[in-house]
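I opened this notebook to look up salt bridges. The entries follow the order in which I checked them.

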Amino acid sequence: MTDTTTPDGDVTAAAPVTEAFDHVVVGGGMTADAAATAIHEADPEATVLVVSDDVDEPYTRPALSKKLWIDPDYTEADNDLGTREASGAEIRLRTSVTAVDREHRTVTTSDGRTVSWGRLLLATGGSPTRLDLPEDDRVVHFRTAADYRRLRALSGDGRRVVVVGGGYIGTELAAALVQNDTRVTLVTPDDVLGGSVFPAAVAARFQAAFEEAGVTLVTGRRVEGGTASEAGLVVRLDDGSTLDADAVAVGLGITPSTELAEAAGLEVEDGVVVDASLRTSDPDVFAAGDVASYPDRILGRRRVEHVDNAKEQGALVGRVMAGSAEEYDHTPYYYSKVLDISYEAVGTLDASLETVVDDEGDESTVVYYLTDGAVVGVLLWNVEDARDAARAVLAEGTAVDRDGLVGRI
């Protein structure tokens, strides 16, 4: 028998160890998939357990707000990552880890088991930001494949859906829904859609694309609450006005799930703090993906919530857990596709920063974001195959020639 600490900080008696694995992965997303597969490729004899509170085995998350809505030939079966076959891992769904005992190298799971591990990966991701809205099946705080299925069932046939959030997820959902016979109202605190991220001219083009597609925009407003009845939902805004809806989709980002790490005594600061090899303050415990605060070789310590980072960190941390001495030297990008717009970005995009806008014509634009004379972010708007060039500009630091940025990419 050992003692273990719960996420609430309580010390309780643990059950005897019932199972042992070389590697235990907490979380069932794309990071977990990449890590389990990399471990198996490096050490085919290693035993791997993936513990996931999801109802589905790992899948491609970006498709939930993109391809599954706009490509009729792409199905949820296509979206399955095939983790079990590729990694040989045991995957337990609808199960959570309730406690980590670092001293005795065990985890306790919600099904009452105590599992020992040689190395542990926290790929816990995050939970969606929630609003003060009714606990109702017609309100979807969008994050998982189950959320996608629910929103699909609530949309189409001219139904009214209010989308809350003018950022990455909110705009993708609004674009997806309006292309699927749904009357969409998008609520954003920005006065112009995308105005907190894009320079004014780019934001104006972004907003115009949604308006032309038939999305009703409610700008400069936040959701304060709402009510539900058999007839539908009523969403209350911060100016007292209301919106009627058949469903509400909330896409406001996530809060990193650091509770296990905190309870286990690991260093946490806007995520689980890791070194360049994605080790936590315990050398046998790792963190990767949305939950990890890591030292980017170009941009410094940061936490990134996008698929490129999840896949790259997952693959690297799997190799490190299997014995590699690698370090994470990849500066990730993120991308979005809404309506007829495709954009990619590397680094920090914040419209309050100094910007240099290079309008290349044909609806293609490169935007550089600067802080103290250094480029800290690059937006590639309808520009393809330029991520490495963007990273090269970021790597120059304060040595960048501001006047020479136009035409650089």
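Is glutamate 76 buried, partly exposed or exposed? I found glutamate 76 partly exposed, with a relative accessible area of 31%. Buried means under 20% relative accessible area, exposed over 50%, and partly exposed in between, with a 1.4 Å probe and protein chains only.

I noted that this is a predicted model, where local features need pLDDT of at least 70, side-chain atom pairs count only at pLDDT 80 or more, and totals for chains, interfaces and linings use all residues. Residues are numbered from 1 along each chain as its sequence is written, and side-chain values use heavy atoms, with hydrogens and water left out.

I then looked up the partner of glutamate 76. Glutamate 76 forms a salt bridge (a side-chain nitrogen of Lys or Arg within 4 Å of a carboxyl oxygen of Asp or Glu) with arginine 149, and their closest N and O atoms are 2.9 Å apart. Glutamate 76 lies in helix α3 and arginine 149 in helix α5, so the pair ties together parts 73 residues apart in sequence. Helices (H or I, at least four residues) and strands (E, at least two) are DSSP runs, numbered from the N terminus. Arginine 149 is partly exposed at 30% relative accessibility.

Next I checked glutamate 172, which forms a salt bridge with lysine 66 at 3.0 Å between the closest N and O atoms. Glutamate 172 is in helix α6 and lysine 66 in the loop between β4 and α2, so this pair ties together parts 106 residues apart in sequence. I found glutamate 172 buried at 1% relative accessibility, and lysine 66 buried at 8%.

Last, I recorded the total: the structure holds 28 salt bridges.
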